[in-house]
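Here is a walk through one protein model, written for someone new to reading structures. Keep the picture beside you and look up each spot as we get there.

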Amino acid sequence: MLPSPRKQTRSLLSVPLEVEQVAQGADLGLPKKHYRPSVLTWFEGLLSIAGWLLCVLLSYFVIALFMRHNDILELLREYFFIVLLVAGALLIPALLLSPLVLLAHEVTSSWGFYVYDRGLVYKRGRRATAWRWEQITALWLEVREKIRMIAVGDSFVDYKETRRLYKLEFQDGKKVIFDLHLVRMQELLDLLDKQIRNHLLPQVIAAFEQGDTVTFGDLRLNREEVSWKDKSLFWFEIRAFTLRDTSLIIEKIDKKRVYWDLVAMPNISLFQGLKDYIFQRYQGITELEN
């Protein structure tokens with residue numbers, strides 16, 4: 001005879017004592033996952049240098065190939081030796097620093113986010129703080145782009161460097177900046193975005209229907225218009241929205257497009273949910289195809 005099923009009271013995930021104590025104090029339930037820092041966190045500086053050198057080498061090869069296309073074999077030999085020299089120059093400091101990096105990774109392996117049934121715990125050092133899902137107010141995304149110029153011979157090559165910075169905000173005013181590379185970080189961000197949408201979307205829709213202005217950073221929506229900084233559009237002018245990272249593309253009824261570079265924006269999934277509600281209920285439009 002099979003035993004009757006019993007409700008699980010313990011999790012297979014092992015957590016530090018200080019994390020378990022704050023989780024019990026906040027009544028978060030059982031731990032589900034631990035998103036810990038990646039070992040790449042401590043190689044970030046070296047990886048940045050390696051990426052910059054790779055761009056330089058590729059730019060050099062393209063320009064040299066254009067100028068010396070009649071001597072490809074000699075160019076390839078020369079390029080091969082340059083790559084070997086650069087790889088050796090990077091490998092030596094990487095080998096010397098590896099023990100320190102591994103030690104730092106071992107010390108910080110218990111850091112990061114612990115996801116529970118009803119919230120999460122953030123641990124850094126010996127300090128751990130717990131929040132329930134409904135206490136999270138915003139997940140910010142900030143996109144920074146830099147155009148860099150590289151001198152290769154007598155020519156200049158430019159390339160664009162894009163960085164995405166994330167930040168969590170809570171009802172108690174505390175903020176957590178994602179300044180560590182976490183294992184499966186995108187999975188954690190998607191989970192946080194989903195939880196924020198599930199808890200806040202009914203409130204946001206109710207506020208919108210009551211005539212209040214709903215804000216997403218500098219972006220504002222009410223029943224009359226959509227506005228950003230000193231720019232605004234009435235709803236009857238708008239055909240559809242498309243959001244790419246933090247760039248909002250608005251297609252107007254007259255087929256013209258308006259581009260708003262928001263730079264920083266909170267709760268993207270929540271914005272998408274409100275936008276879909278407005279378009280489906282009032283404008284009969286679901287989404288603009290990319």
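Strand β3 (residues 119-124) and β4 run antiparallel and are joined by six bridges. Within that pairing, Leu120 sits opposite Trp131 of β4. A word on terms: helices (H or I, at least four residues) and strands (E, at least two) are DSSP runs, numbered from the N terminus, and two strands pair if DSSP finds at least two bridges between them. In general, strands of a sheet pair through backbone hydrogen bonds, either parallel or antiparallel.

Zoom out and you get an open sheet of four strands in the order β1-β2-β3-β4, with antiparallel pairing. Its edge strands are β1 (31-35) and β4, each of which pairs on one side only. On average, neighbouring strands here are turned by 20° against each other, direction ignored. For such angles, axes are lines fitted to C-alpha atoms (for helices over the stretch in contact), and the angles run from 0 to 180 degrees between N-to-C directions.

Before going on, note that this is a predicted model: local features need pLDDT of at least 70, side-chain atom pairs count only at pLDDT 80 or more, and totals for chains, interfaces and linings use all residues. Residues are numbered from 1 along each chain as its sequence is written, and side-chain values use heavy atoms, with hydrogens and water left out.

## Another open sheet

Four strands also form an open sheet in the order β8-β9-β10-β11, again with antiparallel pairing. β8 (214-216) and β11 (231-234) stand at the edges with a single partner strand each, so one side of each has no neighbour in the sheet. Neighbouring strands of this sheet are turned by 15° against each other on average, direction ignored.

Now look at β8 and strand β9 (residues 219-221): they run antiparallel, joined by three bridges. Val214 has Leu221 in β9 as its bridge partner.

## Aromatic rings

How many aromatic pairs does the structure hold? The count is eleven. Rings of Phe, Tyr and Trp (its six-membered ring) pair if their centres lie within 6.5 Å; planes under 30 degrees apart count as stacked, over 60 as edge-to-face and the rest as tilted. Trp131 and Phe170 have ring centres 3.7 Å apart and planes at 10°, so this pair is stacked. The pair links distant parts of the chain, with Trp131 in strand β4 (residues 127-132) and Phe170 in strand β6, 39 residues apart. Trp131 is buried at a relative accessible area of 4%, and Phe170 is buried at 4% (buried means under 20% relative accessible area, exposed over 50%, partly exposed in between, with a 1.4 Å probe and protein chains only).

Trp235 and Phe241 make a tilted pair, 6.0 Å centre to centre with 45° between the planes. Trp235 is buried at 9% relative accessibility, and Phe241 is buried at 2%. Ring pairs also tie Phe216, Trp235, Phe241, Phe271 and Phe279 into a cluster.

On a 1 Å grid over the protein atoms alone, a cavity is a set of points where a 1.4 Å probe fits but cannot get out, while a pocket is an open set with protein on both sides within 12 Å along at least five of seven lines; lining residues have an atom within 4 Å of a point. Grid points are joined across faces, edges and corners, and a volume is the space filled by probe spheres set on the points.

The second largest pocket has a volume of about 230 Å³. It has 13 lining residues, and those closest to its centre are Tyr166, Gln186, Asp190, Asp193 and Ile268. β5 (136-152), β6 (155-170), α4 (185-209) and α5 (268-283) each supply at least two lining residues, with the largest share, five residues, coming from α4. The lining divides into six nonpolar, two polar and five charged residues (Ala, Val, Leu, Ile, Met, Phe, Trp, Tyr, Cys and Pro count as nonpolar, Asp, Glu, Lys and Arg as charged, and the others, Gly among them, as polar).

The largest cavity holds about 40 Å³ of space. Phe113, Tyr122, Ile177, Phe178, Asp179, Leu180 and Leu182 line it.

## Loop spots

His181 is in the loop between β7 (175-177) and α4 and is partly exposed, at 36%. Its C-alpha lies 5.6 Å from that of Pro37, though the two are 144 residues apart in sequence.
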